[in-house]
Amino acid sequence: MTSLIRALSSSIGKKLLMSVTGLALCGFLVVHLSGNLLLYVGAAEYDAYAHALHAQKILLPIAETGLFLLFILHIALGLITAGENRAAREVKYDTQRSKVIDPSSKGAPNLASKLMVPTGLIVLMFLLIHLGHFKLGIISPGDDASEAAKAGRILSEGFTQVVYLIGTLVLGIHLFHGFQSAFQTMGLNHPKYTPLIKTFGFIFAVCIGLGFASFPAMGYLGRFKETETQTTENRAETPTSITQRK
Ligand code: HEM
């Protein structure tokens with residue numbers, strides 16, 4: 001047990017754990033996007049999905065706790081390894097400078113990997129606002145008729161559209177490098193498979209980034225105004241109002 005903890009707290013152990021948690025979060029993104037896409041199918045379909053999810057009184061809290069731990073681990077490890085990498089580069093740079101070697105020749109990270117921490121922090125800021133909207137109900141609370149109406153109302157707001165568009169597109173950039181980098185860290189570096197992983201990573205990042213970004217974009221185009229009012233009208237149509245009409 002202690003040797004496992006020691007292995008995981010080594011530099012490569014932390015990178016490995018970051019890759020595994022990152023890939024698990026990719027799995028969550030696929031499931032989350034698939035559920036959200038039901039908003040395009042119809043308000044009733046989306047509400048049925050949301051109710052089925054919330055009906056899981058035991059599984060849901062377990063999944064949410066696991067998800068929370070994944071996010072915390074991934075973010076903490078990302079910040080720690082970035083700090084360690086910077087410290088290591090500074091030592092290397094000082095050594096190279098003392099030997100009068102061109103410091104830009106080796107070990108400099110490329111643009112994509114340099115962007116991982118800033119893009120990760122932007123996604124984190126988006127996520128905090130997003131949870132404030134949908135989980136905690138502390139940002140833009142409202143008396144919504146249904147889950148679809150709530151999503152429709154929030155996605156129709158200008159503030160949400162700007163924040164969600166930036167957050168989801170930046171998420172795509174984060175995934176673009178993160179996905180293939182995770183496989184490399186796990187040792188999957190092969191002339192035959194690496195190009196395939198890179199291509200798949202690119203397609204994955206584009207689908208997830210644009211898939212999620214489509215919601216604030218459609219909100220801007222007024223797509224969810226209908227969902228919002230439709231479901232509010234449905235609520236007005238209570239059993240009592242239907243009986244009265246008869
Ligand atoms: C932009 C389109 C998005 C929409 C419309 C959307 C919608 C929602 C909704 C309605 C919920 C509440 C689910 C519930 O009822 O429990 C939720 C939760 C959540 N969303 Fe999103 N989401 C979007 C993008 C994202 C992205 C890009 C991420 C990750 C980077 C994300 C991460 C989460 C997390 C972690 C939760 C809490 C899950 C839980 O604890 O149950 N969402 N989202």
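Hi everyone, let's start at the ligand. The residues in the shell around it divide into ten nonpolar, four polar and two charged. Please keep in mind that this is a predicted model.

So who sits in that shell? The ligand is surrounded by 16 residues, and the closest are Glu64, Phe134, Tyr164, Phe212 and Phe215. Now, which helices supply them? At least two residues each come from helix 2 (11-36), helix 5 (59-98), helix 7 (116-134), helix 9 (158-185) and helix 10 (194-220). Helix 7 gives the most, with four residues.

Next, have a look at the largest nonpolar core. It has 25 residues, and Ala148, Leu171, Leu175, Ala205 and Ile208 are those with the most contacts inside it. Helix 4 (43-54), helix 7, helix 8 (147-155), helix 9 and helix 10 each give two or more residues to this core. Helix 9 provides the largest share, eight residues.

Let's zoom in on one of these residues, leucine 171. What does leucine 171 touch, if we leave aside its neighbours within four places in sequence? Its contacts are Val123, Ile208, Gly209 and Phe212.

One last stop: serine 140, in the loop between helix 7 and helix 8. Serine 140 is not a glycine, yet it has a positive phi of about 50°.

How values were computed: Residues are numbered from 1 along each chain as its sequence is written. This is a predicted model: local features need pLDDT of at least 70, side-chain atom pairs count only at pLDDT 80 or more; totals for chains, interfaces and linings use all residues. A residue is near a molecule or strand if its C-beta atom, placed from the backbone, lies within 6 Å of it. Ala, Val, Leu, Ile, Met, Phe, Trp, Tyr, Cys and Pro count as nonpolar, Asp, Glu, Lys and Arg as charged, and the others, Gly among them, as polar. A nonpolar core is a set of buried Ala, Val, Leu, Ile, Met, Phe, Trp, Tyr and Cys residues joined through C-beta atoms within 7 Å. A residue is buried if 20 or more other C-beta atoms lie within 10 Å of its own, exposed if 12 or fewer, and partly exposed in between; C-beta atoms are placed from the backbone. Two residues are in contact if their C-beta atoms, placed from the backbone, lie within 7 Å.
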